[in-house]
Amino acid sequence: MSKLDFLIIGTQKAGTTSLYEYLTQHDQLYLPKVKEIQYFVDDRFYNKGESYLNSFMGDRKDGTTAGMAYVHMLPSSEAPQRVAAYNPDMKLIVILRDPVKRAYSAYNFALKNGWENRQVSFIKSLELEPQRLSGNYTEHYELAYFYNGLYHQHLTNWLQHFTKEQLLILTDTQLRNQAT
């Protein structure tokens, strides 16, 4: 099976779902029906091997350019190396949003989904973040409001494995303006 050609790697609450939906409408692109495949980020799935990832590509037509989206890839320390080993020619799309607005939106999203305690204010949640991140980051990704906004740090990690030419960085405003 052919490898993936591109990834939408982040960030949360910046428009990755919208971009994913737009791209699924293009007849020369293939994106799996499952948007957020955790393969490159989560050891449990990565250790299953490429056959696990390929299991999501069963209805891919020959000649299509394939990609997937998962916002947890951007801040992942393991994902860049894993992606480079999988396909060193991978193209990467990153959508960024004002980090403060993104963090507050993620906090509200966590409240809505019951991941965040309603008794914990946004400021208190920021104070709790170091404690939360001292455990399993994968389990606390959605609550890493500040850490997920450290774009320079995360992009630097990706640029150790990929060239600037392989990376397309958009802002949520650019995406919104292009979509209208």
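Searching the whole structure gives 13 aromatic pairs, where rings of Phe, Tyr and Trp (its six-membered ring) pair if their centres lie within 6.5 Å, and planes under 30 degrees apart count as stacked, over 60 as edge-to-face and the rest as tilted. One of them is the edge-to-face pair of Tyr39 and Phe40, at 4.9 Å centre to centre with 75 degrees between the planes. Please keep in mind that this is a predicted model, in which local features need pLDDT of at least 70 and side-chain atom pairs count only at pLDDT 80 or more, while totals for chains, interfaces and linings use all residues. Residues are numbered from 1 along each chain as its sequence is written, and side-chain values use heavy atoms, with hydrogens and water left out.

Both Tyr39 and Phe40 are buried, meaning under 20% relative accessible area, with exposed over 50% and partly exposed in between (1.4 Å probe, protein chains only). These two also belong to one aromatic cluster, formed by Tyr39, Phe40, Phe45, Tyr46, Tyr52, Phe56 and Tyr86. On Tyr46, Arg82 lies over the ring face, at 4.1 Å from the ring centre; the criterion is NZ of Lys or CZ of Arg within 6 Å of the ring centre and within 35 degrees of the ring normal. Lys13 lies over the face of Phe109 at 3.8 Å from the ring centre.

Now, which kind of aromatic pair do Tyr104 and Tyr107 form? Theirs is a stacked pair, 6.0 Å centre to centre, with 25 degrees between the planes. The two are three residues apart in helix H5 (residues 99–113), and therefore separated by about one helical turn; helices (H or I, at least four residues) and strands (E, at least two) are DSSP runs, numbered from the N terminus. Tyr104 counts as partly exposed because its relative accessibility is 44%, whereas Tyr107, at 6%, counts as buried.

Turning to the sheet, five strands form an open sheet in the order E2-E3-E1-E4-E5, with parallel pairing, where pairing requires that DSSP finds at least two bridges between two strands. Its edge strands are E2 (29–30) and E5 (167–171), each of which pairs on one side only.

Why is strand E1 (residues 6–10) described as largely enclosed by the rest of the structure? Because five of its five residues are buried. E1 pairs with E3 (residues 65–69) over three bridges, and Leu7 stands opposite Met68 there. With E4 (residues 91–96), E1 pairs over four bridges, and Phe6 has Lys91 as its bridge partner.
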